[in-house]
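Subject: Structure handover

Hello,

Here is the structure I promised, with my notes below it. Please have it open as you read.

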Amino acid sequence: MRAPRTPGLSVRLKFALSYAGFVMLAGVLMLATVWVYLLRGLPSAASSPNGLVPIRTIVLHAYAPAAAGVLALLLVFGLLGGWLLAGRMLAPLTRITDATSMAANGSLSHRIELEGREDEFRELADAFDTMLARLEAHVTEQRRFAANASHELRTPLAITKALLEVAFNDPARDSGELFRRLNNVNARAIDLTEALLLLSRADQRSFTREPVDLSLNVEEAVETLLPMAEKHGVTIEASGDITPTIGSRALLLQMTVNLIHNAIVHNLPGRGIVRATTGIHPGSVTLTVENTGEILSAQLVSTLTEPFQRGTERIRHDHAGVGLGLAIVKSIVEAHDGTLTIAPRPGGGLHVTVRLPTAPPPARPVKPIT
Ligand SMILES: Nc1ncnc2c1ncn2[C@@H]1O[C@H](COP(=O)(O)OP(=O)(O)OP(=O)(O)O)[C@@H](O)[C@H]1O
Ligand SMILES: [Mg+2]
């Protein structure tokens with residue numbers, strides 16, 4: 001809510017008044033100079049046959065009304081000129097203000113598109129247009145996300161309903177099979193909800209930062225996922241020395257698990273290879289996860305971090321993932337001020353690099369003064 005403001009003069013009026021003020025000041029100075037120099041050259045009185053004539057007084061009487069007339073003219077000129085000039089100069093501001101109120105009322109598609117050469121107003125209008133475009137894109141993305149999330153959350157509920165209806169209509173059916181399927185659907189709904197919660201946690205950046213060794217994360221993730229890799233017939237090669245960064249230990253572990261999990265499940269069945277490497281560079285550390293797999297187009301790969309994007313596999317697998325794994329990775333990386341690069345490998349599969357800021361060296365213990 002905007003705090004109530006006391007009404008004041010408009011900028012246009014202030015500008016016109018200042019302009020008139022300056023014109024008047026210049027006029028007064030000019031007239032004063034003329035008067036001073038005129039006065040200096042004149043004798044104060046001259047003698048005539050009728051006695052002494054006060055020359056200065058006579059000239060002053062002639063000069064003063066003319067000077068006052070000129071000043072009045074300058075005042076009118078200054079006010080009018082200032083008003084018109086200010087109007088012309090402030091016109092772009094009116095357009096910017098109109099666009100701001102439209103945006104405040106919810107219309108984000110309007111743009112100012114100020115014409116003319118580069119100046120301060122043009123810069124402001126362009127910056128405002130850029131801000132509106134980003135805001136609009138963000139809102140559209142949020143709406144799409146909400147629609148997708150609701151759709152995904154509805155699916156397990158709809159399946160549960162269908163399963164229960166079938167069971168009600170046919171009480172003689174095998175209830176063991178029903179429970180197994182209900183359990184699967186329920187587990188999937190829990191996974192989805194947990195992934196959504198994780199995503200919002202990473203987006204809010206509400207976590208404490210502590211020193212984290214990425215190579216330890218890789219070790220831990222590989223250990224957790226080894227049974228799954230064996231089931232898929234995938235070999236995991238992990239390498240890398242101590243790789244210090246700063247962040248949330250739990251979120252960075254989740255990021256590593258998601259990447260290695262993807263590298264296992266979206267791999268060639270029976271003969272896949274996953275390579276997870278950590279490395280230290282000047283100012284940054286990296287985690288690279290690459291895997292063999294199907295040949296992927298650069299265009300498809302560029303969409304994979306979007307929430308609920310599942311590549312091509314949705315059609316083939318009835319138990320496909322939620323499609324949030326890489327979206328979560330992206331959010332976690334961004335929340336840690338890092339960058340995520342995903343590229344297709346020429347022979348098939350994916351090459352993912354996470355670059356994070358390196359941890360500052362630990363503070364040296366302060367020597368007590370003896
Ligand atoms: N390492 C990878 N190699 C090949 N394709 C991959 C890899 N990682 C992700 N993909 C593709 O990107 C899609 C999106 O991945 P993401 O992790 O976001 O979702 P998901 O694995 O399908 O589901 P989940 O939310 O359960 O992780 C996958 O469906 C897959 O097609
Ligand atoms: Mg995944």
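The side chain of His266 puts an N or O atom 2.9 Å from an oxygen atom of ligand 1. Bear in mind that this is a predicted model. At Arg310, a backbone N or O atom sits 2.9 Å from an oxygen atom of the ligand. At Gly323, a polar backbone atom is 2.8 Å from an oxygen atom of ligand 1. In total, 17 residues surround the ligand. The closest are Asn262, Asn291, Gly323, Leu324 and Leu326.

Now the helix packing. Two packed helices are described by the angle between their axes and the distance between the axes.

H5 with H6

H5 covers residues 214–232 and H6 covers residues 249–265. Their axes are 9 Å apart, at an angle of about 25°. The angle is under 35 degrees, so H5 and H6 count as roughly parallel to each other. Their crossing is right-handed. On the H5 side, the contact residues are Asn217, Val218, Glu220, Ala221, Val222, Leu225, Met228, Ala229 and His232. H6 answers with Arg249, Leu252, Leu253, Thr256, Val257, Ile260, His261, Ile264 and Val265. By class, this contact holds 12 nonpolar, four polar and two charged residues.

H3 with H4

H3 runs over residues 120–169, and H4 over residues 175–204. The two axes come within 10 Å and cross at roughly 165°. H3 is therefore roughly antiparallel to H4. The crossing is left-handed. H3 contributes Phe145, Ala149, Glu152, Leu153, Pro156, Ile159, Thr160, Leu163, Leu164 and Ala167. From H4 come Leu178, Arg181, Leu182, Val185, Arg188, Ala189, Leu192, Thr193, Leu196 and Leu199. The contact of H3 with H4 divides into 15 nonpolar, two polar and three charged residues.

H2 with H3

H3 also packs with H2, which spans residues 55–104. Here the axes come within 10 Å and cross at roughly 15°. H2 is therefore roughly parallel to H3. This crossing is left-handed. The H2 side consists of Met89, Leu90, Pro92, Leu93, Ile96, Ala99, Thr100 and Ala103. They meet Phe121, Leu124, Ala125, Phe128 and Leu132 in H3. What is the class make-up of the contact of H2 with H3? There are 12 nonpolar residues, one polar and no charged.

Then turn to the crossing of H5 and H6.

Best wishes

Note on methods:
Residues numbered from 1 in each chain as written. Chains lettered and ligands numbered in written order. Predicted model: local features only at pLDDT ≥ 70, side-chain atom pairs only at ≥ 80, totals over all residues. Heavy atoms only, no water. Axes fitted to C-alpha atoms, helices over the stretch in contact; angles between N-to-C directions. Helix = DSSP H or I, 4+ residues; strand = E, 2+ residues; numbered from the N terminus. Parallel < 35°, antiparallel > 145°, perpendicular 65-115°, else oblique. Left-handed = near helix turned anticlockwise from the far one by under 90°. Contact = heavy atoms within 4.5 Å. Nonpolar A, V, L, I, M, F, W, Y, C, P; charged D, E, K, R; others polar. Near = heavy atom within 4 Å. Polar contact = N/O pair within 3.5 Å; in protein donor to acceptor, adjacent residues only side chain to side chain.
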